[in-house]
Amino acid sequence: MILKPNRQDIKAVGYYLGKIIIGLALTMAIPILIGLLAQEINPALDFLISLEIGLLFGVMLTKVCYTERELNWMQGMIVVSLAWVTAMFLSAIPMYLSGHWKSYLDACFDSMSGFATTGLTLVQNLDHMSLTHNLWRHLIMFIGGQGIVIIALSFFIKGASGAFKLYVGEARDERIMPNIVHTSRFIWLVSIAYLILGTLVLSVIGALGGMKPFNAFFHGVCVFMAAFDTGGFAPQSQNIIYYRSFAFEVATIIIMILGALNFRLHYHIWVGNRKEIVKNIETVTLFISILTVFAIVAIGLKQAGIYPQAVMFFRKGFYQVISGHTGTGFQTIYAQQFVNEWNNLALVGVILAMGLGGAVCSTTGAIKMLRIGIIFKAFLEDIKRIILPERAVVIQKFHHIKEVFLEDKQVRSALLITLAYLILYFLGAYIGMLYGYPFLNSLFESTSAAGNVGLSCGITAASMPAVLKITYILQMWAGRLEFMSVFTLIGFFVAALEGK
Amino acid sequence: MKTRNIKWIVLAILLAGPVYLIPGFAAESISSAELLSNSKHYDGKQISYRGEVIGEVMKRGDFAWINLHDGENAIGIWAPLSLTKGIVYTGSYKARGDVLEVSGIFNRACSEHGGDLDIHAQTLLKIESGKLTPEIINPVKRNQALILLGVLLLVWILTLLLRK
């Protein structure tokens with residue numbers, strides 16, 4: 001028998017959702033300040049209006065749904081999934097008001113793309129966008145990459161139990177520190193430390209490459225946020241092509257890889273345990289996986305014969321592989337070049353890279369390396385069972401911060417999530433094909449959306465059908481939250497309609 | 001007779017030559033969409049492309065990168081620094097950039113620039129001057145912000161009263 005959600009459930013969800021909305025609305029003070037400093041008054045007004053709407057909505061929710069109870073698992077999951085949808089709608093308001101998006105749906109698309117650190121975009125006339133709005137596009141990647149809820153956890157929500165449920169709901173189940181609020185703060189500390197260092201490096205490269213100091217700094221901040229949070233937006237319409245700089249590309253490759261590593265691994269590196277990098281199952285799997293998919297892409301590009309020099313292979317082939325594998329979506333080639341100049345084998349290589357993703361508890365999307373490593377270990381275990389005598393006891397271990405014995409429940413969980421991602425990739429591809437796009441192109445774009453990558457072969461455009469836009473929004477949302485919160489939300493609505 | 005004709009033709013070309021530098025008389029430019037769709041066809045050929053300068057002029061020694069946006073895509077132009085001296089406005093939130101027409105060699109994967117798709121400029125013509133685009137405060141947005149501020153204050157006061 002399905003139980004209908006009671007008033008307490010709704011109040012708890014509403015109260016915590018209200019707090020998260022207030023937190024999000026307050027982050028809009030940053031673009032308002034930038035707008036005033038840059039003398040961009042209309043953009044500042046766009047954000048003031050949105051901040052006020054957010055505060056109104058958030059304050060009313062916290063007052064109407066006031067509760068002192070802590071969240072249970074179901075409520076926590078629902079708060080997270082609704083928080084992401086609400087964040088999308090709220091953030092889309094100033095974007096739409098800017099006039100750079102053709103419809104509110106397009107603004108919602110880019111808003112979800114930003115928060116989910118995807119990078120697919122429907123923006124118009126980006127090269128004439130205000131600094132205020134451009135900063136916001138990148139800031140939402142930084143917020144979404146760390147986790148929307150993490151902001152609220154860090155500043156607004158007390159009570160470790162409820163906080164942990166929200167943290168897990170946001171597809172993070174690894175505690176770096178014993179206290180989850182401290183874990184959230186550590187994630188912010190790491191991100192801000194890298195932000196300062198990364199911005200400095202990118203700014204210097206930009207300035208040496210002929211950019212004016214302020215522009216170099218602004219681009220440095222934005223590109224860092226998009227690279228470390230494996231987002232993929234860039235301040236100019238040409239994305240990374242705009243900079244025409246080998247050094248800039250190398251720097252972004254390093255930042256993208258740092259963003260694709262587990263925050264827990266960052267912690268161990270910070271405390272001096274550097275051996276963890278070479279021992280950890282995720283980094284080992286990531287290394288092997290990058291080499292494998294790059295080999296596929298390299299063979300494809302060799303066949304296509306477009307990049308005859310090693311430098312070209314690196315700047316075009318390897319860059320796109322790293323960008324895809326880390327789930328960033330930065331491009332050093334035009335979207336049309338994927339289809340017109342790369343052959344099918346090279347495209348399949350990039351699709352594989354996008355579908356696999358980076359580490360768990362990082363800012364990347366897609367299946368992720370821990371799961372791939374676990375599945376591979378399970379295969380090894382089964383092969384050993386077949387080869388060795390029946391009486392032999394087969395034990396499989398893997399190293400992830402500590403030595404862990406492989407258990408069936410870990411393999412089951414890894415396979416289930418992998419299967420869910422594969423279904424999501426092919427479902428999006430199927431819908432793309434319904435609208436007449438070729439299979440490989442549809443699969444490319446769908447994997448990019450569901451894996452929160454952002455590479456595009458040209459399908460994503462303001463002119464694409466609304467159903468496809470909504471499909472990609474749902475894919476980005478479900479892919480970022482790794483399904484569980486989304487399934488709980490669907491279950492909640494079903495229970496509300498059919499429960500007793 | 002033949003020699004006299006050739007002389008007239010040469011004279012006519014010399015007289016008409018400067019006309020090609022005047023806006024409207026330039027060779028027909030190819031769009032970015034066409035270049036990206038048929039890059040193999042245009043690879044290594046001399047082409048003409050027109051667009052607004054966006055971003056900024058990035059100086060690299062005796063050369064500079066500029067990016068020209070034709071309304072659909074922006075394409076990078078590698079030009080001798082001397083050719084870029086006449087650029088006054090580059091497209092941004094506060095300015096509309098100069099519209100230039102470049103004539104040069106199109107590369108779908110430039111061997112000099114790590115495989116970039118670019119155009120190596122031989123000539124650059126200013127077709128249209130850019131301008132500053134001063135911001136006029138939108139009164140509707142201003143009023144909406146003020147009304148919402150009033151509502152927000154009202155809700156805040158109400159919640160304070162309800163608490164009491």
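Helices α19(A) and α21(A) are roughly antiparallel to each other, a label given to angles over 145 degrees, while angles under 35 degrees count as roughly parallel, 65 to 115 as roughly perpendicular and the rest as oblique. Helix α19 spans residues 408-434 of chain A and helix α21 spans residues 466-481 of chain A; their axes come within 10 Å and cross at roughly 175°. Here an axis is a line fitted to C-alpha atoms, for helices over the stretch in contact, and angles run from 0 to 180 degrees between N-to-C directions. Helices (H or I, at least four residues) and strands (E, at least two) are DSSP runs, numbered from the N terminus.

The structure is a predicted model, in which local features need pLDDT of at least 70, side-chain atom pairs count only at pLDDT 80 or more, and totals for chains, interfaces and linings use all residues. Residues are numbered from 1 along each chain as its sequence is written, and chains are lettered from A and ligands numbered from 1 in the order in which they are written.

Which residues of α19(A) and α21(A) meet? From α19(A) come A:L424, A:G428, A:I431 and A:G432, and from α21(A) come A:L468, A:T471, A:Y472, A:Q475, A:A478 and A:G479; two residues are in contact if their C-beta atoms, placed from the backbone, lie within 7 Å. This contact of α19(A) with α21(A) holds five nonpolar residues, five polar ones and no charged ones. In this grouping Ala, Val, Leu, Ile, Met, Phe, Trp, Tyr, Cys and Pro count as nonpolar, Asp, Glu, Lys and Arg as charged, and the others, Gly among them, as polar.

Attention now turns to chain B. Four helices and seven strands are found in chain B, and along the sequence they follow the pattern α-α-α-β-β-β-β-β-β-β-α. The domain assignment gives domain 1 (26-132) and domain 2 (138-164) of chain B, with bounds that come from an automatic or database assignment. The centres of these two domains, taken over C-alpha atoms, are separated by 50 Å.

Five strands of chain B close into a barrel in the order β1-β2-β3-β6-β5, with mixed pairing; two strands pair if DSSP finds at least two bridges between them. Neighbouring strands of this sheet are turned by 55° against each other on average, direction ignored.

Strand β2 (residues 63-69) of chain B is mostly covered, with six of its seven residues buried. On one side, β2(B) pairs with strand β1 (residues 46-60) of chain B in the antiparallel sense over six bridges. Within this pairing, B:R60 has B:F63 as its bridge partner, and B:I54 has B:N67. The hairpin of β1(B) and β2(B) has two residues between the strands, and B:G61 takes a positive phi near 65° there.

Strand β3 (residues 74-80) of chain B also pairs with β2(B) in the antiparallel sense, over seven bridges. B:L68 stands opposite B:I75 in β3(B). Four residues lie between the strands in the hairpin of β2(B) and β3(B), where B:G71 takes a positive phi near 105°.

Definitions and conventions: A residue is buried if 20 or more other C-beta atoms lie within 10 Å of its own, exposed if 12 or fewer, and partly exposed in between; C-beta atoms are placed from the backbone.
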